[in-house]
Amino acid sequence: MCTNHHHKLGSDNKDLQEIEKQVDRRAFLKKTSLGLGALALGSLLGADKMFAGIGKDSSPEDILKSYNKNRLGLPHHLPKAKRIIYLFQSGGPSQMDLFDYKPKLTDMFGKELPDSVMSGQRLTGMSGNQSTLPIAPSTFNFKQYGESRAWVSDAMPYLSEVVDDLCFIKGMQTDQINHTPAITFMQTGNQLPGRPSIGSWLSYGLGSDNENLPTFITLVSKNGKGQPLKASLWGNGFLPTEHQGVQFRSGKDPVLYLSDPENYDGQDRRDMLDYLGDLNDLQKDAYGDPEIQARMSQYEMAFKMQTSVPEVSDLSDESDSTFEMYGKDSRDPGTYAANCLMARKLLEKGVKFVQLYHQGWDQHNYCPGGVKSQSQKTDQPTAALIKDLKQRGMLDDTLVVWGGEFGRTVYSQGQLTKENYGRDHHPKAFTMWMAGAGVKPGFSYGETDDFSYNVVKDPVHVHDFHATLLHLFGVDHERLTFKHQGRRYRLTDVHGNVVKSLLT
């Protein structure tokens, strides 16, 4: 097989000869500063290169001018965040059993939830037909921690150690009351599947900080039970396919179809890709389909990942003290703890967006036991991740997000006893938190009523949360758009406001 990439694709057909000339011109451009590689250079530069030559006394305007803005003109303003880990707790964690302390409920055990509190809000079919909706105070004990005096239940003893690094959002609200549309809404800004995920939008808008790994990687806790998670949650939607999230799995092959087939040594892989690239270039010129180039980009990334993925997925070089900090499960690949440790390592390799999904927070029946079980799996590694990023100097420009798709009801679904209760879905008031780049540490924003049922101060809608997240990356959510089927779309659709009170 010929090893010269720029070989001649000779043909006697005049139409193909014209296409060949275009291929030759493109090869010339690739060798010069006029090529597509130069146009995309700005999106590949890390913050250290962007800030080269900027002095300590430089104004934010001067720093922003120093950026090599990419083809979309991003970033729009000076970013605080360079990368993100999103710890998605699938199922809807119970805010009043973890962070939203409601002491007045203790004396209201078993009493009917007042109609004035419910205000005609929609209930699910699982509890909407109950003859009674008895109030269920939390069985967990709450204390205040840190200089911020944040309330945390005894279900989260490790997280209580890092509350001064956290920014709690206690007035979160969503439009969706059932799992699948609510999770899809939180991850894509729309209840219906098919829209780009948050990570895909950031990949499209800001590009990559590395050449050997995807910009957007997803990790899912193994052996998860509960609502199913679909690949559309980390999909690219109508954006070019190279911006979709790539799922890393535990086991021998972290990425499916990446390893060479049996008995193939891969020596001519580079030649094969070069010839395939020439053929795809011809097809792109003939049909003008941009997805052809996107597919070639994926082939090239897969080629690079054959060496980069085994290296980054190997945690054997981590110290015993690091494993001890994250907990015993961190030695078991695919667990939440191991994925938290993997997420930190991926960030160190230049991955921009790492999404962790952990199932099991859907406690309709035995809520106290369910919350305790999930907390035991997630509390220590979550706190360890914050500590680890901080001690490595990474928390200053890394955004960490924790939360689910909605909250839980104050009333019990099913039978209520002193030791047990269930909680149904509740979209109108729940808690999330952020930490790191650009958010106020040791801060609590928003307030719910005495029943953790309605937001009475500073509500934050999902669209507002997305707008704020993009803002931290230097992106104006109203200006990051993509034209699809005649309309310009964005993550926040036609909604959303940046919650500036959350920002430093």
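**Note on selected residues in the predicted model**

1. Beyond its neighbours within four places in sequence, Leu356 is in contact with Ile85, Tyr86, Leu87, Phe88, Leu219, Tyr336, Asn339, Cys340 and Ala343. The model in which these contacts occur is a predicted one. Leu356 belongs to strand E7, which covers residues 353-358. With a relative accessibility of 1%, Leu356 counts as buried.

2. His461 sits in strand E15, residues 460-461. Its relative accessibility is 17%, so His461 counts as buried, the cut-off being under 20%. The side chain of His461 reaches the backbone nitrogen of His463 at 3.0 Å. Leaving aside neighbours within four places in sequence, the contacts of His461 are Met172, Gln173, Thr174, Asp175 and Phe185.

3. Asp458 is placed in the loop that runs between strand E14 (455-457) and E15. Phi of Asp458 is positive, near 55 degrees, in a residue other than glycine. Asp458 is partly exposed, at a relative accessible area of 28%.

4. Arg149, in the loop between strand E2 (142-145) and strand E3 (150-153), also deserves a check of its backbone: phi is positive, about 55 degrees, although Arg149 is not a glycine. The relative accessibility of Arg149 is 43%, which makes it partly exposed.

5. A cis peptide bond links Leu74 to Pro75, with omega near 0 degrees. Pro75 is located in the loop between helix H5 (60-66) and strand E1 (83-89).

How values were computed. Residues numbered from 1 in each chain as written. Predicted model: local features only at pLDDT ≥ 70, side-chain atom pairs only at ≥ 80, totals over all residues. Heavy atoms only, no water. Helix = DSSP H or I, 4+ residues; strand = E, 2+ residues; numbered from the N terminus. Buried < 20%, exposed > 50% of the residue type's maximum accessible area, 1.4 Å probe, protein only. Polar contact = N/O pair within 3.5 Å; in protein donor to acceptor, adjacent residues only side chain to side chain. Contact = heavy atoms within 4.5 Å.
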